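This report walks through selected local features of a two-chain model. Please keep the sequence and the coordinates at hand while reading.

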Amino acid sequence: MTTLAPPRTVRPAVTGIGVVAPTGIGADRHWAATLAGRRGIDRITRFDSAGYPVTVAGEVRDFVSTEHVPSRLLVATDLWTHFALAATVLALRDSDLERAALDPYDIAVITASSSGGNAFGQKEIESLWARGPEHVTVYQSIAWFYAATTGQISIRHGMKGPCGVVVSEQAGGLDALYLARRALRDGSRAVVSGGTEAPIGPYALTCQIAGGLLSDDGDPATAYRPFAPDARGHVPGEGGAILVVEDLDDAVRRGAPRVYGLVAGCASGFDPPPGSGRPPALARVIRAALADAGCTPGEIGVVFADAAGTPEADAREVEALAAVFGPRGVPVTAPKTTTGRLYAGGAALDVATALLAIRDGVIPPTAGVRLPPDHPLDLVTGAPREARLRAALVVSRGHGGFTSAAVIAAAPGG
Amino acid sequence: MSQFTLDDLRDIMRRSAGVDESVDLDADIQATSFTDLGYDSLALLEVFAQIRTGRGVEIPDDAVGEVETPADLVGYVNRRAQARVS
């Protein structure tokens with residue numbers, strides 16, 4: 001009779017960060033733009049959006065797929081996967097993981113996806129209806145589906161550990177890290193995690209518009225203003241972040257060049273149906289993440305808010321944060337105001353930003369929003385706020401009720 | 001319809017399946033296996049689809065197992081085109 005090995009105790013440490021975002025390609029560029037509150041939201045250029053109710057988005061500037069993706073992969077993958085392949089190379093370089101020469105079966109790939117290969121799929125649907133089924137490329141079968149990015153990263157880098165994908169819209173980036181921790185506990189020595197999204201195109205945007213949550217404000221400076229009383233919705237963004245995660249002891253032993261911080265606690269829940277009379281999941285999930293991290297609310301130095309950008313969802317987030325931390329009980333920020341909501345890339349990018357904030361002891365500002373001084377949220381706006389950060393809370397809610405939270409902590413001795 | 005040549009095949013491979021970084025398609029590849037050239041069965045299926053829509057030559061999916069090299073595929077296409085005509 002075989003016995004299963006018990007899961008080991010791990011401290012998941014982030015040793016590499018790769019960012020491809022409207023704030024820049026590369027973690028350094030992204031961080032500099034984020035601190036400056038430099039807006040990556042602008043008029044849509046990926047297609048002619050005149051006539052659409054939504055004309056602004058956060059696009060990754062100067063991303064040329066052929067510079068990041070070999071031609072054999074280009075024909076078979078969507079832009080969303082290109083973003084992730086590029087970010088993976090950056091994260092691997094940053095972590096120097098390849099020099100560790102780990103057994104391929106000890107490296108897992110677990111990413112978040114939310115809408116899959118939109119532009120690729122649209123192109124093939126157009127071929128289908130304009131020219132017929134024999135003109136749909138074979139590669140549609142592998143380019144569109146949610147696990148394509150995980151699969152291509154796994155194949156390209158020879159990572160044969162327990163791979164997977166999680167689809168929970170904007171909460172996915174945190175859920176992927178939650179699953180990455182499980183993979184580490186079950187014996188993986190490294191996990192490539194995070195997520196990206198490429199939701200800017202006619203078909204993809206139409207789907208989002210139908211959801212009724214996008215801002216119809218055509219001014220990039222004012223379109224996405226979470227927590228403002230006249231908030232009109234969110235702005236979509238593309239890109240995301242890939243993180244290399246290892247157990248802290250493994251990372252130190254193999255000589256990782258740096259440890260940005262730890263994924264100290266994770267929790268995930270789901271809202272009750274409307275009309276049930278039960279409260280939204282957020283406060284419960286935040287408390288569960290804190291408990292999982294063994295951390296009190298007072299030890300959290302900053303909250304990276306979900307910042308849905310509609311008055312109702314914003315009010316629920318303010319309520320939950322006030323319930324857990326007390327009114328103005330913790331600095332809150334939403335640097336996603338400079339990128340838009342990146343769906344599967346959003347929470348991963350927030351985690352990357354949180355780690356950089358902890359590293360540098362500074363909270364990046366929320367762009368384009370000012371709240372009155374007696375507002376229950378102590379929202380960091382205008383300029384970055386210096387603060388010695390031992391731990392950050394990242395909160396993320398996905399459309400439909402997905403609710404996740406993670407405590408990101410400074411590395412011990414850091 | 002004209003003979004299907006190795007150059008025709010090179011064109012289709014480049015366009016529809018891309019080229020591996022370490023591979024020179026213009027070299028003498030006719031006897032090199034598709035696997036060694038970096039093309040998996042999915043890439044071959046895509047090449048077959050392009051041959052079908054471009055030349056009207058139908059190649060069944062399980063031919064993937066029969067054509068190991070570019071020379072195999074060029075010969076196969078020309079034989080099938082011939083068989084169709086006669």
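## Basis of the description

This is a predicted model, in which local features need pLDDT of at least 70 and side-chain atom pairs count only at pLDDT 80 or more, while totals for chains, interfaces and linings use all residues. Residues are numbered from 1 along each chain as its sequence is written, chains are lettered from A and ligands numbered from 1 in the order in which they are written, and side-chain values use heavy atoms, with hydrogens and water left out.

Buried here means under 20% relative accessible area, exposed over 50%, and partly exposed in between, with a 1.4 Å probe and protein chains only.

Helices (H or I, at least four residues) and strands (E, at least two) are DSSP runs, numbered from the N terminus. H13(A) is mostly covered, 13 of its 15 residues being buried. The end C-alpha atoms of H13(A) are 21 Å apart, which agrees with the 21 Å that its 15 residues should span at 1.5 Å a residue, the expected span being 1.5 Å times one less than the number of residues. Just after H13(A), A:Gly361 takes a positive phi of about 65 degrees. Leaving aside neighbours within four places in sequence, A:Leu243 is in contact (heavy atoms within 4.5 Å) with residues including A:Ala348, A:Val351 and A:Ala352, and also A:Val14, A:Gly16 and A:Ile17.

## Buried residues of chain A

A:Ala27 is found in helix H1 (residues 27-35) of chain A and counts as buried because its relative accessibility is 14%. Beyond its neighbours within four places in sequence, A:Ala27 is in contact with A:Ile17, A:Val19 and A:Leu356.

A:Phe63 has its place in the loop between strand E4 (56-58) and helix H2 (65-68) of chain A, and with a relative accessible area of 10% A:Phe63 is buried. Neighbours within four places in sequence aside, A:Phe63 is in contact with A:Val20, A:Ile25, A:His68, A:Leu79, A:His82, A:Phe83 and A:Ala86. A:Arg225, in the loop between helix H9 (202-210) and strand E8 (239-247) of chain A, is buried as well, with a relative accessible area of 19%. Leaving aside neighbours within four places in sequence, A:Arg225 is in contact with A:Asp230, A:Ala231, A:Gly368 and A:Val369.

Most residues other than glycine have a negative phi, and most peptide bonds are trans. Phi of A:Ala101 is near 50 degrees, a positive value in a residue other than glycine; A:Ala101 is found in the loop between helix H4 (79-95) and strand E5 (107-112) of chain A and counts as exposed, at 65% relative accessibility.

Phi of A:Glu169 is likewise positive, near 55 degrees, in a residue other than glycine. A:Glu169 is found in the loop between strand E6 (164-166) and helix H8 (172-185) of chain A, and with a relative accessible area of 18% A:Glu169 is buried.

## Helices of chain B

Helix H3 (residues 70-85) of chain B has 16 residues and reaches 23 Å from its first C-alpha to its last, close to the 22 Å expected at 1.5 Å a residue. In H3(B), B:Pro70, B:Leu73, B:Val74, B:Tyr76, B:Val77 and B:Asn78 are buried, and the buried residues of H3(B) pack against helix H1 (6-17) and helix H2 (41-55) of chain B.

H1(B) and H2(B) themselves pack at an angle of about 120 degrees, with their axes 9 Å apart; axes are lines fitted to C-alpha atoms, for helices over the stretch in contact, and angles run from 0 to 180 degrees between N-to-C directions. The contact is made by residues including B:Leu9, B:Ile12 and B:Met13 of H1(B) and B:Val47, B:Gln50 and B:Ile51 of H2(B).
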